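Q: Please take a close look at the ligand and its surroundings in the model below, and then at the backbone features elsewhere in the chain.

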Amino acid sequence: MSDTHNHSGSAPRGFETTAIHAGNTADPVTGAVVPPIYQVSTYKQDGVGGLRGGYEYSRSANPTRTALEENLAALEGGRRGLAFASGLAAEDCLLRTLLSPGDHVVIPNDAYGGTFRLFDKVVSRWGVEWSVADTADIAAVRAAITPKTKAVWVETPSNPLLGITDIAAVAQVAHAAGAKLVVDNTFASPYLQQPLALGADVVVHSMTKYMGGHSDVVGGALITDDPALGDDLAYHQNAMGAVAGPFDSWLVLRGIKTLPVRMDRHSENATRVAEMLTRHPRVTQVLYPGLPEHPGHEIAAKQMKAFGGMISFRVEGGEEAAVEVCNRAKLFTLGESLGGVESLIEHPGRMTHASTAGSALEVPADLIRLSVGIESVDDLLADLQQALGTD
Ligand SMILES: Cc1ncc(COP(=O)(O)O)c(C=O)c1O
C-alpha cells in the first residue's frame, strides 16, 4: 500500500502504521497505550467556560470518539473524520448538510437497500429530488445531472451486485456540474481504496462492516478533506446528535488495527471462493470484481489494492433454489450484515434489499450474497459445495 498522506507536516507513514497509531496517543494521565473508554457525558469546568482539554459534553466531543475520528481521517487521507451511531446516521447527517428542498441527487442503480430507503422514503419527503443512474456508465451519470444536482452518490463495489464505478471519472463529471461526489467505501475499506485521493469530496462508511470487523458494533463515518465542509458536517453532527458512543468508538478503533491483515485474507479467500463458484454447475453467474470477466475488473484493478471479501452469485432454479442454498449453509451463517471475520450468507431480495422491491434497484430473485470471512478457505469451499449440492 502506498504511504498515507497526512496533514500534520510529519513524514508520511505506511497504511498499517497509520491504522495502529493514528489517534492512538498514550493516555496523558496513566500512560495507557490504548485510548481508554471515556464513558462519560459531561466534564468538570475550571470556572465557567474553563474547559480542560476542550471537552464540555459528549455529544459535542468525547476523547474516545476523537481518537477514532482522527484515525478515520488519517486512514482515508482526509482532514476531518466524524463518527456516528450507524452508517445510516452518517448518511442522514451528510444529506441534511449538503441538501436543501429543491436540490437534486444522482443515486446509483445498485446500492444498500437502507440507503435507497433513506432517499426514497425520507429525503424525498423534504423536497429533495433524486434520480437513478448506472454509475458504472459515465455518460449515464452525465445525463442524469440536472442544473439542480448538488451531489452524485456512488457505492463501489456496490451492494449487492458488486458493480464498479470509476471514481476519478465520476468526480470529473460531478465537479464540472458543481456537484459534490460522495463515495460509500464500506465494501472496500480505506485499505483497498482511497476515494478522496481519486477526487471524491466525502467518503461514507458503515463502520459496522469491515472497519469494526467483528460483527459486534454498529457505527458510521464521514471523512472529507475539505475543511469548510468538515466544519459544516461537524456542526450538523452535534446539532442532530446521532454520534458514536465511547464504547462503540473504542470497538471500531480496536478493529481498525487489524484492518489491513483482515482485508488481505478476506480478498484471498474470496478469490478462491469466486473461482470455485465459476466452475460449479448450479451457478449461473458470479459477481466478483476480481474475476477477469467482471465488466468493472480493469477499473477495480486500477483503483483498488485487492478485490475485497464480498461475492454475489446466481443459481439455477430461481428464488426458491437460492433460498434453499442459504438455508443449507452451515459454516456460512445465514444473516444480514457483512465484513466480520466470520462468513455470512444471505438472500438480498428477501433480506437486506427487500426495500428495493418494485424499484429501479430491485435485485434478482435468484441472487445470493456472501461475506467471505477469514476462516480456513477449504472449510468455506466445502460448506458452499454441500449447500449447493451436486444434483
Ligand atoms: C454499503 C453500505 N452502506 C451503508 C450501510 C448502512 O450502514 P448501517 O447498517 O451501519 O447503518 C450499509 C449496511 O448494510 C451498507 O452495506
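Which residue has a polar backbone atom 2.9 Å from an oxygen atom of the ligand?

A: The residue is G87, in a model that is predicted: one of its polar backbone atoms is 2.9 Å from an oxygen atom of the ligand. Side chains also take part in such contacts. In T208, a polar side-chain atom lies 2.7 Å from a ligand oxygen. For N159, the distance from an N or O atom in the side chain to an oxygen atom of the ligand is 3.0 Å. Taken alone, the ligand exposes 390 Å², and the protein buries 91% of that area.

The shell around the ligand may be described next. The ligand is surrounded by 13 residues, and the closest of them are L88, D184, S206, T208 and K209. Sorted by class, this shell holds seven polar, four charged and two nonpolar residues. Helix α3, which covers residues 87-98, gives the most to the shell, contributing three residues.

N159 leads on to the backbone itself. The peptide bond from N159 to P160 is cis, with omega near 10 degrees. P160 is found in the loop between β4 and α6. That loop also holds P157, where β4 spans 149-155 and α6 spans 167-176. A cis peptide bond joins T156 to P157 as well, and its omega is about -5 degrees. A further backbone feature is seen at S189, which is not a glycine but has a positive phi of about 75 degrees. S189 lies in helix α7, made up of residues 189-192. These features deserve attention because most peptide bonds are trans and most residues other than glycine have a negative phi.

Finally, the arrangement of two helices can be considered. Helix α10 (residues 259-279) and helix α13 (residues 377-388) have axes that come within 10 Å and cross at roughly 30 degrees. Angles under 35 degrees count as roughly parallel, and α10 and α13 are therefore roughly parallel to each other. The crossing of α10 and α13 is right-handed.

Note on methods:
Residues are numbered from 1 along each chain as its sequence is written. This is a predicted model: local features need pLDDT of at least 70, side-chain atom pairs count only at pLDDT 80 or more; totals for chains, interfaces and linings use all residues. Side-chain values use heavy atoms; hydrogens and water are left out. A residue is near a molecule or strand if one of its heavy atoms lies within 4 Å of it. A polar contact is a pair of N or O atoms within 3.5 Å; within protein, one must be able to donate a hydrogen and the other to accept it, and residues adjacent in sequence count only if both atoms are side-chain atoms. Accessible areas come from the Shrake-Rupley method with a 1.4 Å probe; for residues, only the protein chains shown count as cover. Helices (H or I, at least four residues) and strands (E, at least two) are DSSP runs, numbered from the N terminus. Ala, Val, Leu, Ile, Met, Phe, Trp, Tyr, Cys and Pro count as nonpolar, Asp, Glu, Lys and Arg as charged, and the others, Gly among them, as polar. Axes are lines fitted to C-alpha atoms, for helices over the stretch in contact, and angles run from 0 to 180 degrees between N-to-C directions. Angles under 35 degrees count as roughly parallel, over 145 as roughly antiparallel, 65 to 115 as roughly perpendicular and the rest as oblique. A crossing is left-handed if the near helix is turned anticlockwise from the far one by less than a right angle, and right-handed if clockwise.
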